[in-house]
Amino acid sequence: MQFFIDSADIGDIKKALALGLCDGVTTNPSLVAKTGRKFTEVLKEIVALVPGPVSAEVTATDYEGMMREAHDLAKVADNVVIKVPLIVEGLRAVRDLASEGVRTNVTLCFSPVQALLAAKAGATYVSPFVGRLDDISEDGMALIAQILEIYRNYDFATKVLVASVRHPIHVLEAARLGADVATIPYGVIAQLAQHPLTDIGLKKFLADWEKVPKEK
Ligand code: E4P
(Lines give C-alpha, C1' and ligand atoms only; values in the text may rest on other atoms or scores of the structure.)
Protein backbone atom coordinates (compact mmCIF):
# COMPACT_ATOMS: atom_id res chain seq x y z
CA MET A 1 0.00 0.00 0.00
CA GLN A 2 1.31 3.44 -0.87
CA PHE A 3 1.42 6.17 1.77
CA PHE A 4 0.46 9.66 0.66
CA ILE A 5 0.59 12.53 3.12
CA ASP A 6 -2.66 14.48 3.45
CA SER A 7 -1.20 17.93 3.99
CA ALA A 8 -0.17 21.22 2.44
CA ASP A 9 2.28 21.85 5.28
CA ILE A 10 5.84 21.86 3.94
CA GLY A 11 7.30 20.93 7.33
CA ASP A 12 5.07 17.84 7.64
CA ILE A 13 5.76 16.83 4.04
CA LYS A 14 9.54 17.07 4.65
CA LYS A 15 9.22 14.94 7.82
CA ALA A 16 7.26 12.24 5.96
CA LEU A 17 9.79 12.30 3.09
CA ALA A 18 12.67 11.86 5.55
CA LEU A 19 10.97 8.71 6.86
CA GLY A 20 10.49 7.34 3.34
CA LEU A 21 6.74 7.46 3.98
CA CYS A 22 5.68 9.93 1.34
CA ASP A 23 4.83 8.24 -1.95
CA GLY A 24 2.65 11.22 -2.83
CA VAL A 25 0.69 14.15 -1.42
CA THR A 26 -2.98 15.11 -1.33
CA THR A 27 -4.08 18.67 -0.70
CA ASN A 28 -7.53 20.23 -0.51
CA PRO A 29 -8.77 23.82 -0.17
CA SER A 30 -9.08 23.51 3.63
CA LEU A 31 -5.50 22.22 3.99
CA VAL A 32 -4.19 25.01 1.73
CA ALA A 33 -6.16 27.63 3.73
CA LYS A 34 -4.38 26.45 6.91
CA THR A 35 -1.01 27.44 5.41
CA GLY A 36 -2.12 31.08 4.95
CA ARG A 37 -0.22 31.04 1.63
CA LYS A 38 -1.20 31.31 -2.04
CA PHE A 39 -2.15 27.95 -3.58
CA THR A 40 0.17 28.06 -6.60
CA GLU A 41 3.11 29.11 -4.41
CA VAL A 42 2.52 26.16 -2.03
CA LEU A 43 1.89 23.73 -4.88
CA LYS A 44 5.14 24.68 -6.64
CA GLU A 45 7.06 24.09 -3.42
CA ILE A 46 5.43 20.69 -2.85
CA VAL A 47 6.01 19.39 -6.39
CA ALA A 48 9.66 20.42 -6.19
CA LEU A 49 10.08 18.30 -3.05
CA VAL A 50 7.98 15.25 -3.86
CA PRO A 51 8.64 13.08 -6.89
CA GLY A 52 5.31 11.22 -6.53
CA PRO A 53 1.79 12.34 -7.44
CA VAL A 54 0.57 15.59 -5.84
CA SER A 55 -3.19 16.14 -5.87
CA ALA A 56 -4.33 19.73 -6.43
CA GLU A 57 -8.04 20.44 -6.24
CA VAL A 58 -10.16 22.54 -8.59
CA THR A 59 -12.62 24.88 -6.90
CA ALA A 60 -14.95 25.56 -9.84
CA THR A 61 -18.13 23.49 -9.85
CA ASP A 62 -19.05 23.89 -13.53
CA TYR A 63 -17.47 21.85 -16.32
CA GLU A 64 -15.80 24.75 -18.15
CA GLY A 65 -14.38 26.23 -14.95
CA MET A 66 -13.05 22.86 -13.79
CA MET A 67 -11.38 22.23 -17.15
CA ARG A 68 -9.81 25.69 -17.13
CA GLU A 69 -8.43 25.25 -13.59
CA ALA A 70 -7.31 21.70 -14.35
CA HIS A 71 -5.31 22.82 -17.38
CA ASP A 72 -3.64 25.60 -15.36
CA LEU A 73 -2.78 23.27 -12.46
CA ALA A 74 -1.52 20.52 -14.77
CA LYS A 75 0.98 23.02 -16.24
CA VAL A 76 2.63 23.49 -12.82
CA ALA A 77 4.42 20.10 -12.98
CA ASP A 78 4.17 16.64 -14.52
CA ASN A 79 3.36 15.05 -11.15
CA VAL A 80 0.27 17.18 -10.50
CA VAL A 81 -2.92 15.11 -10.30
CA ILE A 82 -6.16 17.06 -10.68
CA LYS A 83 -8.58 16.61 -7.82
CA VAL A 84 -12.17 16.88 -8.96
CA PRO A 85 -15.32 16.65 -6.80
CA LEU A 86 -17.63 13.71 -7.34
CA ILE A 87 -20.50 15.63 -8.94
CA VAL A 88 -22.00 15.17 -12.40
CA GLU A 89 -20.02 18.06 -13.92
CA GLY A 90 -16.90 16.68 -12.28
CA LEU A 91 -17.37 13.26 -13.87
CA ARG A 92 -17.65 14.91 -17.27
CA ALA A 93 -14.41 16.81 -16.60
CA VAL A 94 -12.67 13.61 -15.45
CA ARG A 95 -13.70 11.81 -18.63
CA ASP A 96 -12.29 14.57 -20.86
CA LEU A 97 -9.13 15.03 -18.77
CA ALA A 98 -8.53 11.28 -18.98
CA SER A 99 -8.81 11.41 -22.77
CA GLU A 100 -6.18 14.19 -22.73
CA GLY A 101 -3.89 12.03 -20.58
CA VAL A 102 -4.33 14.21 -17.46
CA ARG A 103 -4.44 12.19 -14.22
CA THR A 104 -7.34 12.79 -11.84
CA ASN A 105 -8.30 12.10 -8.24
CA VAL A 106 -12.06 12.07 -7.74
CA THR A 107 -12.70 13.39 -4.27
CA LEU A 108 -15.58 13.54 -1.78
CA CYS A 109 -16.69 9.98 -2.56
CA PHE A 110 -19.15 8.60 -0.02
CA SER A 111 -20.87 5.69 -1.77
CA PRO A 112 -19.87 2.63 -3.81
CA VAL A 113 -21.99 3.67 -6.80
CA GLN A 114 -20.27 7.07 -6.83
CA ALA A 115 -16.97 5.17 -6.99
CA LEU A 116 -18.31 3.04 -9.85
CA LEU A 117 -19.07 6.22 -11.81
CA ALA A 118 -15.59 7.61 -11.08
CA ALA A 119 -14.01 4.43 -12.46
CA LYS A 120 -16.22 4.46 -15.56
CA ALA A 121 -15.25 8.12 -16.14
CA GLY A 122 -11.59 7.04 -16.19
CA ALA A 123 -10.40 8.48 -12.87
CA THR A 124 -6.82 7.64 -11.90
CA TYR A 125 -7.76 7.66 -8.19
CA VAL A 126 -10.99 7.71 -6.23
CA SER A 127 -10.94 9.16 -2.71
CA PRO A 128 -13.54 7.68 -0.35
CA PHE A 129 -13.62 9.68 2.92
CA VAL A 130 -13.73 7.09 5.69
CA GLY A 131 -13.43 9.41 8.71
CA ARG A 132 -16.29 11.65 7.66
CA LEU A 133 -18.56 8.59 7.24
CA ASP A 134 -17.57 7.33 10.69
CA ASP A 135 -18.41 10.82 12.01
CA ILE A 136 -22.06 10.34 11.01
CA SER A 137 -22.24 6.77 12.40
CA GLU A 138 -21.70 5.06 9.04
CA ASP A 139 -18.96 2.51 8.45
CA GLY A 140 -16.20 4.16 6.41
CA MET A 141 -14.11 1.03 6.00
CA ALA A 142 -17.15 -0.97 4.77
CA LEU A 143 -17.26 1.50 1.87
CA ILE A 144 -13.63 0.70 1.02
CA ALA A 145 -14.40 -3.04 1.00
CA GLN A 146 -17.37 -2.49 -1.34
CA ILE A 147 -15.40 -0.31 -3.76
CA LEU A 148 -12.51 -2.78 -3.88
CA GLU A 149 -14.97 -5.62 -4.57
CA ILE A 150 -16.59 -3.71 -7.44
CA TYR A 151 -13.28 -2.63 -8.97
CA ARG A 152 -11.92 -6.18 -8.77
CA ASN A 153 -15.11 -7.60 -10.35
CA TYR A 154 -14.51 -5.53 -13.46
CA ASP A 155 -10.74 -5.00 -13.41
CA PHE A 156 -11.04 -1.22 -13.22
CA ALA A 157 -7.67 0.53 -13.29
CA THR A 158 -8.84 3.31 -10.92
CA LYS A 159 -6.86 3.18 -7.67
CA VAL A 160 -8.63 3.28 -4.31
CA LEU A 161 -7.11 6.10 -2.23
CA VAL A 162 -8.40 5.88 1.33
CA ALA A 163 -8.96 9.47 2.53
CA SER A 164 -10.12 11.24 5.69
CA VAL A 165 -7.88 8.91 7.68
CA ARG A 166 -8.09 9.81 11.36
CA HIS A 167 -6.27 7.07 13.28
CA PRO A 168 -4.04 3.98 12.93
CA ILE A 169 -7.01 1.56 12.73
CA HIS A 170 -8.03 3.19 9.45
CA VAL A 171 -4.53 2.50 8.10
CA LEU A 172 -4.56 -1.07 9.40
CA GLU A 173 -7.95 -1.83 7.84
CA ALA A 174 -6.98 -0.16 4.55
CA ALA A 175 -3.88 -2.37 4.35
CA ARG A 176 -5.82 -5.54 5.29
CA LEU A 177 -8.40 -4.84 2.58
CA GLY A 178 -5.66 -4.23 -0.01
CA ALA A 179 -6.44 -0.57 -0.75
CA ASP A 180 -3.95 0.92 -3.21
CA VAL A 181 -3.16 4.07 -1.22
CA ALA A 182 -3.95 5.69 2.11
CA THR A 183 -3.53 9.44 2.44
CA ILE A 184 -2.58 10.12 6.01
CA PRO A 185 -2.01 13.26 8.12
CA TYR A 186 1.54 13.40 9.54
CA GLY A 187 0.24 13.03 13.11
CA VAL A 188 -1.27 9.64 12.26
CA ILE A 189 1.93 8.53 10.50
CA ALA A 190 3.80 9.25 13.74
CA GLN A 191 1.17 7.34 15.77
CA LEU A 192 1.73 4.25 13.59
CA ALA A 193 5.25 3.90 14.99
CA GLN A 194 4.15 4.14 18.60
CA HIS A 195 3.57 1.32 21.07
CA PRO A 196 3.71 1.63 24.89
CA LEU A 197 5.58 -1.68 25.20
CA THR A 198 8.26 -0.33 22.84
CA ASP A 199 8.70 2.69 25.15
CA ILE A 200 8.72 0.57 28.33
CA GLY A 201 11.13 -1.95 26.78
CA LEU A 202 13.50 0.78 25.60
CA LYS A 203 13.46 2.48 29.00
CA LYS A 204 14.38 -0.85 30.68
CA PHE A 205 17.17 -1.61 28.18
CA LEU A 206 18.68 1.84 28.70
CA ALA A 207 18.44 1.52 32.51
CA ASP A 208 20.13 -1.92 32.39
CA TRP A 209 22.80 -0.56 30.04
CA GLU A 210 23.86 1.83 32.82
CA LYS A 211 24.75 -1.25 34.94
CA VAL A 212 27.12 -2.64 32.31
CA PRO A 213 30.82 -1.81 33.11
CA LYS A 214 31.95 0.81 30.60
CA GLU A 215 34.89 0.27 28.22
CA LYS A 216 37.92 2.46 29.07
C1 E4P B 1 -8.53 13.77 0.89
O2 E4P B 1 -7.86 13.88 -0.10
C3 E4P B 1 -8.83 14.86 1.81
O4 E4P B 1 -7.82 15.83 1.69
C5 E4P B 1 -8.82 14.47 3.27
O6 E4P B 1 -8.45 13.14 3.46
C7 E4P B 1 -10.00 14.91 4.05
O8 E4P B 1 -9.84 14.53 5.38
P9 E4P B 1 -10.70 15.15 6.59
O10 E4P B 1 -12.05 14.51 6.54
O11 E4P B 1 -9.94 14.76 7.81
O12 E4P B 1 -10.77 16.63 6.34
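Angles under 35 degrees count as roughly parallel, over 145 as roughly antiparallel, 65 to 115 as roughly perpendicular, and the rest as oblique. The model on screen is predicted, with local features needing pLDDT of at least 70 and side-chain atom pairs counting only at pLDDT 80 or more, while totals for chains, interfaces and linings use all residues. Residues are numbered from 1 along each chain as its sequence is written.

Select helix H1 (residues 10-18) together with helix H3 (residues 39-49), whose axes come within 11 Å and cross at roughly 10°; H1 and H3 are therefore roughly parallel to each other. Helices here are DSSP runs (H or I, at least four residues) numbered from the N terminus, and axes are lines fitted to C-alpha atoms over the stretch in contact, with angles running from 0 to 180 degrees between N-to-C directions. Ile10, Ile13, Lys14 and Leu17 of H1 meet Glu45, Ile46 and Leu49 of H3, contact being C-beta atoms, placed from the backbone, within 7 Å.

Next, select H8 (residues 140-154) and H9 (residues 168-177), where the axes come within 10 Å and cross at roughly 20°. On the H8 side show Met141, Ile144, Ala145 and Leu148, which meet Glu173, Ala174 and Leu177 in H9. The residues of this contact divide into six nonpolar, no polar and one charged, where Ala, Val, Leu, Ile, Met, Phe, Trp, Tyr, Cys and Pro count as nonpolar, Asp, Glu, Lys and Arg as charged, and the others, Gly among them, as polar.

Finally, select the ligand and the residues surrounding it, including Asp6, Asn28, Phe129, Arg132 and Thr183, each with its C-beta atom, placed from the backbone, within 6 Å. By class, this shell has two nonpolar, seven polar and two charged residues.

How values were computed: Helix = DSSP H or I, 4+ residues; strand = E, 2+ residues; numbered from the N terminus. Contact = placed C-beta atoms within 7 Å.
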